[in-house]
Amino acid sequence: MEESNTQFEKRKRDHIRIALDPRSQTAGQNGLDSVHLIHEALPDLNFKEVDISTSFLFSNAAVELSSPIFVSSMTAGHEKGRAINEALARLSDRRQILMGVGSQRRELDDPQAAEEWAQVRKQAPRARLLGNIGIAQLIRTPMDSIRKLMDSTEALGMFVHLNSLQEILQPEGTPEFKEGLKAIENLVKLSAIPVIVKEVGCGFSEATLKRLAGAGVAAVDVAGKGGTHWGRVEGYRSEENELLFKVAQTFANWGYSTAESVANAKKAGINYQIWASGGVRSGLDVAKLIALGAQKVGMAQPFLEAALRGDEALDNLMNQLELELKTSLFCTGCRTIEELQTKMVVQ
Ligand SMILES: Cc1cc2nc3c(=O)[nH]c(=O)nc-3n(C[C@H](O)[C@H](O)[C@H](O)COP(=O)(O)O)c2cc1C
């Protein structure tokens, strides 16, 4: 059933409202409470030497970033989302961090929707944006149309999101993933920019991460369980649909936690970068995930909540995350992100 524009706008507004409701969060399930970093009482460092800068480095291109923290893909293609995306893109521009845009699906049917990014670019010309499309759309969309999505956002990379649970529980969903791996391989072959595969809050098994190793992706963002859970979000959207609501409750804690997913990547012996997100709520969480093997660490819901309060709230959030991350480095005796990745600091 094709969704009307009015239904689309309502669905996107519902997602934002429900994602901010604590019931949609699998809080405490990110797996990081049992990960401990080794305290270094005598770091051979002055705090001002601690450096959390990094880069987005693929093929020959390197884009400098002030930190490994990125804004996870959220919203796009609707009225309420515009102000949110503009605020997030200004943050990306000011602070030199990566920002995933929300699913660009709307642009496939309505080229006018790409206008959103032209407006964003006026305010945030140096924003470091990553495009986004769902696997169900990728499978049935010709490459020329996907290229337009990359161009409209001037994307540095392209996220492909995998959201099997959400597509089933969404009344207007498209649970059609057949030939998905082939579609990813094809995209990698034809794309001029790196392709990053992500989940949306259910994480990855070792076997799926192994299957992706042959596809040539630049990175997988595990987007595991521990924060916004799309089984829950779609379930609460379907309160009047008793069947979907009940099924969503059964699957309310479905998936691999973010920490488990990163551990699965280690076991899988992959040839691409691991990025981590899903229930990351502090700079200490970021540090733990980097120590476990992640190259970049993302957050969605906390940035959404701050974006709705404005630029100052977003800067305050970034200041706190950065100070927590730097504190984690200092107190483990690491000067750089690279040291945190390579030194044995996990207990
Ligand atoms: C309001 C909202 C909309 C989202 N829309 C998308 C999307 O369009 N594409 C996508 O890949 N992920 C989407 N996500 C999922 C996030 O990128 C992220 O994987 C997930 O929310 C877990 O992170 P969190 O626990 O920090 O919120 C969305 C998240 C939120 C909160």
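User: How do α13 and α15 lie to each other?
Analyst: This is a predicted model, in which local features need pLDDT of at least 70, side-chain atom pairs count only at pLDDT 80 or more, and totals for chains, interfaces and linings use all residues. Residues are numbered from 1 along each chain as its sequence is written. The axes of helix α13 (residues 283-292) and helix α15 (residues 311-330) come within 7 Å and cross at roughly 50° (axes are lines fitted to C-alpha atoms, for helices over the stretch in contact; angles run from 0 to 180 degrees between N-to-C directions; helices, H or I with at least four residues, and strands, E with at least two, are DSSP runs numbered from the N terminus). Angles under 35 degrees count as roughly parallel, over 145 as roughly antiparallel, 65 to 115 as roughly perpendicular and the rest as oblique, so α13 and α15 are oblique.

User: Which residues of α13 meet α15?
Analyst: Contact requires C-beta atoms, placed from the backbone, within 7 Å. On the α15 side are Leu-321, Glu-322, Leu-323, Glu-324, Leu-325, Ser-328 and Leu-329. Their partners in α13 are Gly-283, Leu-284, Val-286 and Ala-287.

User: Is Leu-65 buried or exposed?
Analyst: Leu-65 lies in strand β2 (residues 61-65). Leaving aside neighbours within four places in sequence, its contacts include Ser-53, Phe-56, Ile-97 and Arg-128. A residue is buried if 20 or more other C-beta atoms lie within 10 Å of its own, exposed if 12 or fewer, and partly exposed in between. Leu-65 has 22 other C-beta atoms within 10 Å and is therefore buried.

User: How many of the eight residues of helix α10 (residues 230-237) are buried?
Analyst: The buried residues of α10 are Trp-230, Gly-231, Arg-232, Val-233, Glu-234, Gly-235 and Arg-237. They pack against α1, α7 (164-169) and α11 (242-250). Helix α10 is largely enclosed by the rest of the structure because its buried residues number seven.

User: Which element gives the most to the shell around the ligand?
Analyst: α1 (5-19), β6 (157-161) and α14 (301-309) each supply at least two residues of that shell. The one that gives the most, with three residues, is α1.

User: How many charged residues does the shell around the ligand have?
Analyst: There are 26 residues around the ligand, and Ser-103, His-161, Gly-227, Thr-228 and Ala-300 come nearest (a residue is near if its C-beta atom, placed from the backbone, lies within 6 Å). Ala, Val, Leu, Ile, Met, Phe, Trp, Tyr, Cys and Pro count as nonpolar, Asp, Glu, Lys and Arg as charged, and the others, Gly among them, as polar. By class the shell has ten nonpolar and 15 polar residues, and the charged residues number one.

Notes:
Contact = placed C-beta atoms within 7 Å.
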